[in-house]
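Visitor: Could you walk me through a few details of this model?
Guide: Gladly, here it is.

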Number of protein chains: 4
Amino acid sequence: MHYIAETRSNIPHDLVSVSDYAEHAKQHIGHDIYEYIAGGGADQLTLRRNRQALDNIQLLPKMLKDCTQGSSALHFMGESLRHPIILAPVAFQKLVHPQGEIATAQAASSLETTMVVSNLASHKLEDIAQNLDSGKWFQLYFQESREFTLSLVKRAEAAGYTKLMVTVDTSLHGIRNRAQRAGFVLPEGVEAINLRDRPPLPRKTLSKQQSIVFQGMMTEAPTWEDIAWLQQNSSLDIIIKGIMHPADALKAKQIGVAGIVVSNHGGRALDSIPSAIELLPKIRKSLGPDYPIIVDGAIERGTDIYKAIALGANTVMVGRPQLYALAVAGALGVAHMLRVLREELEVTMAMMGTPTIGDITQDTIYRGEHR
Amino acid sequence: MHYIAETRSNIPHDLVSVSDYAEHAKQHIGHDIYEYIAGGGADQLTLRRNRQALDNIQLLPKMLKDCTQGSSALHFMGESLRHPIILAPVAFQKLVHPQGEIATAQAASSLETTMVVSNLASHKLEDIAQNLDSGKWFQLYFQESREFTLSLVKRAEAAGYTKLMVTVDTSLHGIRNRAQRAGFVLPEGVEAINLRDRPPLPRKTLSKQQSIVFQGMMTEAPTWEDIAWLQQNSSLDIIIKGIMHPADALKAKQIGVAGIVVSNHGGRALDSIPSAIELLPKIRKSLGPDYPIIVDGAIERGTDIYKAIALGANTVMVGRPQLYALAVAGALGVAHMLRVLREELEVTMAMMGTPTIGDITQDTIYRGEHR
Amino acid sequence: MHYIAETRSNIPHDLVSVSDYAEHAKQHIGHDIYEYIAGGGADQLTLRRNRQALDNIQLLPKMLKDCTQGSSALHFMGESLRHPIILAPVAFQKLVHPQGEIATAQAASSLETTMVVSNLASHKLEDIAQNLDSGKWFQLYFQESREFTLSLVKRAEAAGYTKLMVTVDTSLHGIRNRAQRAGFVLPEGVEAINLRDRPPLPRKTLSKQQSIVFQGMMTEAPTWEDIAWLQQNSSLDIIIKGIMHPADALKAKQIGVAGIVVSNHGGRALDSIPSAIELLPKIRKSLGPDYPIIVDGAIERGTDIYKAIALGANTVMVGRPQLYALAVAGALGVAHMLRVLREELEVTMAMMGTPTIGDITQDTIYRGEHR
Amino acid sequence: MHYIAETRSNIPHDLVSVSDYAEHAKQHIGHDIYEYIAGGGADQLTLRRNRQALDNIQLLPKMLKDCTQGSSALHFMGESLRHPIILAPVAFQKLVHPQGEIATAQAASSLETTMVVSNLASHKLEDIAQNLDSGKWFQLYFQESREFTLSLVKRAEAAGYTKLMVTVDTSLHGIRNRAQRAGFVLPEGVEAINLRDRPPLPRKTLSKQQSIVFQGMMTEAPTWEDIAWLQQNSSLDIIIKGIMHPADALKAKQIGVAGIVVSNHGGRALDSIPSAIELLPKIRKSLGPDYPIIVDGAIERGTDIYKAIALGANTVMVGRPQLYALAVAGALGVAHMLRVLREELEVTMAMMGTPTIGDITQDTIYRGEHR
């Protein structure tokens, strides 16, 4: 697939950055859907902080280095990656494009990009896997029924997915006021198709002293015990997504979890949490240099990726931009968006004088100590 | 009373947060009244700082905790509270709704919420008490005449109020320029009905060397001696509202005052005062772990309540939102507003991995030391 | 003069703060004149910083103090002041009102306010003195001719002025781009009438290697020697206005100058200078508790005055608001503006629990150490 | 040439600062060209930081100094400069004015200003040199062919240029999204005329595993070896432009490079780099007091120049304002712009009490330690 020629000829000339896709997407999807995608929790504090924290990080370049042998390739968790950009699990992609996750998988294949398929995908996980030539990972929410949870895992194993990413930071939906105010509801024809056979939830009646939150919703939420159970019941590497506390990160490593995603769910979970990027150095320090760490949250520029790696991440995940690019130009849009990101990363590496991923260390960060 | 069903069916779908009530209220009340309610002192510095200080506080969650036994209930000053949200004393509630404090009291009852009735209420304190099934506290301004002050206290005792909250930070009104510019005056039909029998103020003539402030208005202001006098003349627990200085907090405890409200009067008193939340840790430290501390000022989110408790408060008070909700939807609005706040608090507790009020400690605050 | 009654009945109800006068003044004077008055130097950095520095200072009040003996009066440099507010020297007051400095002097008298008459006044210094019952000080720019400079001083002495305030920070006008862009020129009928008899400047021809700045304009600028000469030639107390560097402050004291004004000329001199209020504590510390210090720059609120005194000033000067109030309502406007400021100061003192000027110490400043 | 009289009579009265030229220029050039000139890299972070960093620096003036012997002249790298303002290399000046670099050279001559002629000039370097009476320096990008690179150097030597400024921070163009979004392409009639005889680039075919960045564009980028080669092949002093890392600065000095420009290419190279002014003190400290350092980036005010010198620069370079002034008023505009800058610098020196360039030390910077 000669995507570069194609994308160059088909994408409007003023679509030159990931943020351009966000802006253009508004013309392709309804306001309610846009608000559902773009919105963070409650007052958008964490959403804004995610962006601000990245913008506040400064890079200090070295000049006149030979970069002609450079490459953004890396090995990560036993797999070879062409570049450190991974497609984060994003639910319900039919919301913005009829081909949904299938189109995204095709774009991922073309850019040799690992894709994490959401268990809330609007296409069957098996169909997505068939369209995905590059890295195939599966994201899982724990379900009320362990049996049904396990059935999802087994389907993922059978379809060729190589890792399980278990999201643990949104047992509750968070306070999604922007989506609520816009009146967002899942439109007809878009559903969590992989959960169709989920057994109905048992009817509970809460007493007056009980809480709809604690005795209601939280009864579905996983605990560390559930993680241990899953480790015993699947042969796949398990990655926990949604860790922010260094103590949780250490615990994950100690119980043999294969890797973590330091993440505040793109600012969509609890509003008031710091940016993942701020916690990253401390978490890297406590886990040691070799433990696999992914980070996400407002990754929109090659410099964002570079900063994340410099501060301790191995790879980054990109979420919302998938939907914006899909809305604007389908598979071609996602491919172009990924290409922009990868080229921006490589341009950053070249301009910093650090031609390989391994060269991107904390020393490249400017901390104001040079005054 | 099955308030949840009711509120869910009657409140517009885009009223999903306390700030939505503030916004919607503008359509239900006059500009002058809105400005009187929303305005802070002078240049709104303290008003903005109250919000900003809360927004700047970051929370660091722990994942995968079992929260199924969670609860937001607590014991406080000898009473059992369903949750740590208290309705602050708010004057003249007929300004925004004909049922005024009666409607608020009904909402408080339905949500098992303690209400502090203002001595400037626009309904008789006895009538309000009759509509209030949950915690009944009474707020007092010292009056020029000790005799009349005491008569108010005795009426409150007789009506079943269990605590006296004495406000000490607004002997002077402060510089309320927003209300002045909007031309606010108390409209006909709204009055401090409980002060009807107040004896007329003695006529004073100031000499040219005297100050309208010091020798005029401040002659009504209470001093520590007045607090001591009140302690001797009432059997009720006394809470002092409006303490900001740690030295004042310590003095209150030392003379046997039952509790304090750390408060800058919602930014309506002296403009340039810090946010109560900023002083809280130091005050808690100097008073010890058991002394009752309430905090108020810009509490509009479950996360705000959580932060206040984490930094040393036992409970919080909510002021202006009562009026906004009352203006928009009467008792139902106040009930819905309270439910939103309580659920947001419980969602925060669940997402933080701290299922009881006692679990909310200073350790949950992210201080940037994790870099 | 029963100014309180008068002002209350004649000033529109929405003119309730000094900043209201600034806003209203736009309707009474031309855009060019407004820009000349309101503008700071170059990019307005120092102008904005003056306001911001005051706004950033926080006050920590004590409650329940007896303030009935309070007063804002003080003794300063051998004179009794009713309050610590002084009218700064402001040139060309006819620009905004035909009565100009005469009206201002009447307002000053009515509020028992010391007025510093500018040597660039648009009325004769003798006429202004005749209308001024309260403190009379005279401001001086050094002129090219020492003889003419001395003639101004002698006229001031003869007219009853008791102090000489020598402005030293604007030998050059600074870069007044806002006034330039608005096309401001002194309109006909407004002139520096007290300088009418100034001898013509000697014609200079600069060589190509010479600078219009250094060898041109700066030849009129005074040096420390000129100050010493003035001390020998006038019996009046000399105050130097425009000191920012602690070393300059110390030098002024050491050579026997009677007092200083810590000032950046309202942000109109060199853009990029810090706010006077920021330098004040260090300057007070180096000069000791008794040396007379005045501060100016963005004093618009009672809290601003309070903060300046808490940080080391004895008194403050108010500049631009004179012109705004004069433009809006003549003498009555200036009197009302001064009354608002004084009452705001007294309200601040009362609410802080510090009933006399001597009670306003650095301890009243909140420095964030209470966390 | 009596430029002062001329400029005073021909420039509109509201063009009083460098930023005014930027604003007015929008009316003289197309939006795409304006965006190409004004735009920084990617999200404009570094562009904004350049301005902000300068604005945040505060100056602390001393009063009453004798400045009548003042001058802004200096000796620098063996040449006598009338003032420390140098015209930065700016490509393609015909974009904004038909006379392009010829007009700029005439203005430079009139203001005795050193001009660095870009190797991407739209006029022949020999023609520009003929119109330039003041300092003549030549800026060089390394070309794919060393032979062609050397031919440019030899032409510069022959034309009388005395220094070579080698730009090393833009082997890659950076991510110039603002120019891209505006659809900027070099219009017909504007070309890099001095590179006309450049041999065609060899056609490369990249394999699928190769990167268009590393194995494509970066093969033209110079390394330290190329600098050494140039030192051996030219008799001119070499200045490296685009150094930000103190380690690179030290290396340049150690290998005998004559001077450096601390620069982030006006925010046009890698977005996220700190401001040059922030690195300056550390670089000056590590290079010692005598090594020649130039700084650029957002120099728009006399105070900017002053701050740069105070923090360690010998001279500054001014880039974009050349184009804005050229667009608005041709040679006259550039001359006026330069005069404004020089006079603003001298006014700053006079108001700071530092009448010579040598007096401008780090002691003039206010660091907040005076509290």
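Visitor: Where is Glu112(A) found?
Guide: This is a predicted model, in which local features need pLDDT of at least 70, side-chain atom pairs count only at pLDDT 80 or more, and totals for chains, interfaces and linings use all residues. Residues are numbered from 1 along each chain as its sequence is written, chains are lettered from A and ligands numbered from 1 in the order written, and side-chain values use heavy atoms, without hydrogens and water. Helices (H or I, at least four residues) and strands (E, at least two) are DSSP runs numbered from the N terminus. On that basis, Glu112(A) sits in the chain A loop between α5 (100-110) and β5 (114-117).

Visitor: Is Glu112(A) buried, partly exposed or exposed?
Guide: Its phi is near 50°, a positive value in a residue other than glycine. Buried means under 20% relative accessible area, exposed over 50%, and partly exposed in between (1.4 Å probe, protein chains only). With a relative accessible area of 27%, Glu112(A) is therefore partly exposed.

Visitor: And Ala42(D), is that residue buried or exposed?
Guide: Ala42(D) lies in the chain D loop between α3 (31-38) and α4 (45-56). Its phi, near 40°, is also positive in a residue other than glycine. Because its relative accessibility is 8%, Ala42(D) counts as buried.

Visitor: How many disulfides does a search of the whole structure find?
Guide: A disulfide here is a pair of cysteine sulfur atoms within 2.5 Å. Cys67(B) is buried at 2% relative accessible area, and Cys67(C) is buried at 2% relative accessibility. Over all chains, the number of disulfides found is zero.
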